[in-house]
Amino acid sequence: MIIPPGSTIGIIGGGQLGRMLAVAAAQLGYRSHIYAPEESGPAAEVCAEWTRGDYQDEAALRRFAEACHVITYEFENLPVEALAATEGLRPFHPSVEALRIAQDRALEKGFAGRHDIPTAPWTAVNTLDELRDAVAGIGTPAILKTRRFGYDGKGQARLRSADDIEAAWQTIGGQPAVLEGFVRFEVEYSVLLARSSNGESVAWDVPTNVHRNGILALSTVPPQGQVAEQVADAVNLTKRLADALGYVGVLAVEWFAGGEGPIFNEMAPRVHNSGHWTIEGATTSQFENHIRAICGLPLGSTSLTGARVEMENLIGEEAERWPAILAERDAHLHLYGKSVRPGRKMGHVTRVSR
């Protein structure tokens with residue numbers, strides 16, 4: 001089904017990803033209508049319409065859906081039950097089922113395993129006693145992660161030995177979790193793949209990611225060394241996941257560069273921070289290809305526009321460096337219009353080397 005330019009794209013969530021999706025949509029001639037519980041947000045400055053409503057309000061979500069031609073979302077911590085009420089009213093991409101799986105680490109890893117995607121050894125834990133049993137089976141070091149709502153290093157605790165069990169359980173607030181065995185890897189990287197409803201898919205060059213305090217700090221392409229050696233396998237495995245989900249839109253999958261090949265970490269059913277470099281660094285950005293995919297349009301080229309591309313996140317007060325960044329001739333600055341807060345993603349800067 002083709003959603004032609006001039007139509008309205010509904011975006012659930014009004015943060016910076018919604019902002020950049022709305023900009024890409026406008027360039028292709030679409031109107032963007034944001035649905036979010038806040039009065040305003042980074043996407044408010046660039047959308048045609050903003051509806052304030054609770055994510056749990058099924059009636060409000062249905063009215064929102066009826067005012068749009070296609071629905072998408074910018075983050076995955078959304079109530080699946082409420083969104084399911086809108087899925088039959090208008091095309092909804094990526095699907096609610098993809099969202100349901102991606103927002104629960106146990107469902108996500110189970111899905112990966114059923115499709116022969118390599119993962120770290122893991123088990124679900126719901127109680128302190130189950131955690132003790134899991135540590136006895138998997139061993140240490142290990143990482144305990146909440147099943148839901150963990151991001152940017154939150155909701156996680158590392159266990160160096162069995163002596164850390166009680167402290168780790170307290171750190172995550174005793175929530176349902178998964179225990180993952182420690183994986184030895186050189187670097188973490190991500191595959192971003194856009195897939196249309198007809199099964200056509202394209203992938204971008206694979207960025208190598210550097211994190212600080214659990215938050216993405218730097219992404220660079222093209223890949224080098226071990227990451228470059230694993231690109232073909234990682235892209236094929238990501239395509240296998242997308243095909244199994246009947247996915248439509250941009251899918252981001254984070255991988256560890258293990259000694260024997262890619263090891264699945266987690267997936268995000270949306271455009272992704274590690275793909276922000278594509279706005280200036282690729283012929284077609286992740287945001288434009290997401291709009292193309294959900295509207296049934298042909299996907300654009302993902303080729304690089306330069307020899308090397310670097311995307312640096314601006315965290316907290318780092319955004320105050322904007323005068324110096326603007327003085328760089330080859331730097332592309334993006335500020336999200338947020339108030340400064342420690343640990344908050346305030347913007348990013350992309351540098352393309354010709």
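Predicted model: local features only at pLDDT ≥ 70, side-chain atom pairs only at ≥ 80, totals over all residues.

Guide: Residues are numbered from 1 along each chain as its sequence is written, and side-chain values use heavy atoms, with hydrogens and water left out.

Visitor: Why is the pair of F185 and F256 called stacked?

Guide: The structure holds 6 aromatic pairs. The ring centres of F185 and F256 are 4.3 Å apart and their planes stand at 25 degrees, so the pair is stacked. By definition, rings of Phe, Tyr and Trp (its six-membered ring) pair if their centres lie within 6.5 Å; planes under 30 degrees apart count as stacked, over 60 as edge-to-face and the rest as tilted.

Visitor: What makes this pair a tie between separate parts of the sequence?

Guide: F185 belongs to strand 9 (residues 185–195) and F256 to strand 13 (residues 249–258), so the pair ties together parts that are 71 residues apart in sequence. Helices (H or I, at least four residues) and strands (E, at least two) are DSSP runs, numbered from the N terminus.

Visitor: How do you know whether F256 is buried or exposed?

Guide: F256 has 10% relative accessibility and therefore counts as buried. F185, at 34%, counts as partly exposed. The cut-offs are under 20% relative accessible area for buried, over 50% for exposed, and in between for partly exposed (1.4 Å probe, protein chains only). Elsewhere, Y35, Y55, F64 and F75 form one aromatic cluster.

Visitor: Which strands stand at the edges of the open sheet, and why?

Guide: The open sheet of 4 strands has the order 5-8-6-7, with antiparallel pairing. Strand 5 (122–125) and strand 7 (156–159) stand at the edges because each has a single partner strand, which leaves one side of each without a neighbour in the sheet. On average, neighbouring strands of this sheet are turned by 20 degrees against each other, direction ignored.

Visitor: Which peptide bonds are cis?

Guide: A cis bond joins T140 and P141, with omega about 5 degrees; P141 sits in the loop between helix 6 (128–138) and strand 6. Another cis bond joins V221 and P222, with omega about 0 degrees; P222 sits in the loop between strand 12 (215–221) and helix 8 (225–245). Most residues other than glycine have a negative phi, and most peptide bonds are trans.

Visitor: What is the phi of D116, and why does D116 count as exposed or buried?

Guide: D116 is not a glycine, yet has a positive phi of about 60 degrees. D116 lies in the loop between helix 5 (105–114) and strand 5 and, at 62% relative accessibility, counts as exposed. N213, also not a glycine, has a positive phi of about 55 degrees. N213 lies in the loop between strand 11 (208–212) and strand 12, and its relative accessible area of 77% makes it exposed.

Visitor: Why is D233 called partly exposed?

Guide: D233, a residue of helix 8, has a relative accessible area of 45% and is therefore partly exposed. D233 and P262 are 29 residues apart in sequence and 7.2 Å apart in space, C-alpha to C-alpha.

Key. Pairing = 2+ DSSP bridges. Axes fitted to C-alpha atoms, helices over the stretch in contact; angles between N-to-C directions.
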